[in-house]
Amino acid sequence: MVNGYSLDPHPRANFAKEQFAVVRIPRVKRDRVPAASVTIVDDLETAIAQSNPDNKFYPAKVVGPARSSEGTMLYYIIDLYGDL
């Protein structure tokens with residue numbers, strides 16, 4: 001087990017996975033964000049309903065969490081829905 005993630009391809013392995021989320025993105029052109037800026041939701045419709053672009057909260061599909069080389073927990077943005 002490395003940083004809480006199993007590298008063994010066992011069915012119970014805890015791999016980072018794709019999820020829908022509402023993500024706070026203070027600057028344009030972000031490909032990853034700190035875990036504290038991500039709220040995981042059940043589906044895209046919920047992410048859209050909870051988004052607030054005027055306050056920089058956007059619906060997204062993310063993968064994570066993953067630990068960065070600096071030790072920070074991050075989510076990587078796969079798709080961003082809406083205008084930045």
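## Around Tyr75

Leaving out residues up to four places away in sequence, Tyr75 touches Gln19, Asp31, Arg32, Val33, Ala35, Val38, Ile40, Val62, Val63, Gly64 and Pro65, where contact means heavy atoms within 4.5 Å. Strand E2 (residues 32-34) and strand E5 (residues 73-80) run antiparallel and are joined by 3 bridges; two strands pair if DSSP finds at least two bridges between them.

## The model and its confidence

This is a predicted model, in which local features need pLDDT of at least 70 and side-chain atom pairs count only at pLDDT 80 or more, while totals for chains, interfaces and linings use all residues. Residues are numbered from 1 along each chain as its sequence is written, and side-chain values use heavy atoms, with hydrogens and water left out.

The mean pLDDT of the protein is 83, and 80% of its residues reach 70 or more; pLDDT is the predictor's confidence in each residue, from 0 to 100. Over residues 5-10 the pLDDT is below 50, and this stretch has 14 contacts in the model beyond near neighbours in sequence.

## Overall layout

The protein has 1 helix and 5 strands, and along the sequence they follow the pattern β-β-β-α-β-β. Helices (H or I, at least four residues) and strands (E, at least two) are DSSP runs, numbered from the N terminus. Among contacts with a separation of 6 or more, 52% come from residues 24 or more positions apart.

Of the 84 residues of the protein, 27% count as buried. Buried means under 20% relative accessible area, exposed means over 50%, and partly exposed lies in between (1.4 Å probe, protein chains only). The protein exposes about 5,700 Å², and carbon and sulfur atoms supply 49% of that area; accessible areas come from the Shrake-Rupley method with a 1.4 Å probe, and for residues only the protein chains shown count as cover.

## Strand pairing around E4

Strand E4 pairs with E1 in the antiparallel sense over 8 bridges. In this pairing, Arg24 stands opposite Phe57 in E4. E4 also runs antiparallel to E5, joined by 6 bridges. Here Ala60 stands opposite Leu80 in E5, and Lys61 stands opposite Asp79 in E5. The hairpin of E4 and E5 has 5 residues between the strands, and Gly71 takes a positive phi near 90° in it.

Lys61 has a further partner to look at. Its salt bridge is with Glu18, the closest N and O atoms being 3.7 Å apart. This pair links distant parts of the chain, with Lys61 in strand E4 (residues 57-67) and Glu18 in strand E1 (residues 17-24), 43 residues apart. A salt bridge is a side-chain nitrogen of Lys or Arg within 4 Å of a carboxyl oxygen of Asp or Glu, and by this rule the count comes to 1. Glu18 counts as partly exposed because its relative accessibility is 49%.

## The nonpolar core

The largest nonpolar core has 10 residues: Ala21, Val23, Ile25, Val33, Val38, Tyr58, Ala60, Val62, Tyr75 and Ile77. E1, E4 and E5 are the elements that give two or more residues to this core, and E4 gives the most, with 3 residues. A nonpolar core is a set of buried Ala, Val, Leu, Ile, Met, Phe, Trp, Tyr and Cys residues joined through side-chain atoms within 4.5 Å. In soluble globular proteins, nonpolar side chains tend to be buried together.

## Thr39 in strand E3

Thr39 lies in strand E3 (residues 38-41). Leaving aside neighbours within four places in sequence, Thr39 is in contact with Phe20, Ala21 and Val22. The C-alpha atoms of Thr39 and Pro59 are separated by 9.7 Å, and the two residues are 20 residues apart along the chain. With a relative accessibility of 45%, Thr39 counts as partly exposed.

## Backbone details worth a look

Most residues other than glycine have a negative phi, and most peptide bonds are trans. Two spots are worth checking against that background. The peptide bond from Gly64 to Pro65 is cis, with omega near 0°, and Pro65 is in strand E4.

Lys56, a residue other than glycine, has a positive phi near 70°. Lys56 sits in the loop between helix H1 (44-50) and E4. Since its relative accessibility is 36%, Lys56 counts as partly exposed.
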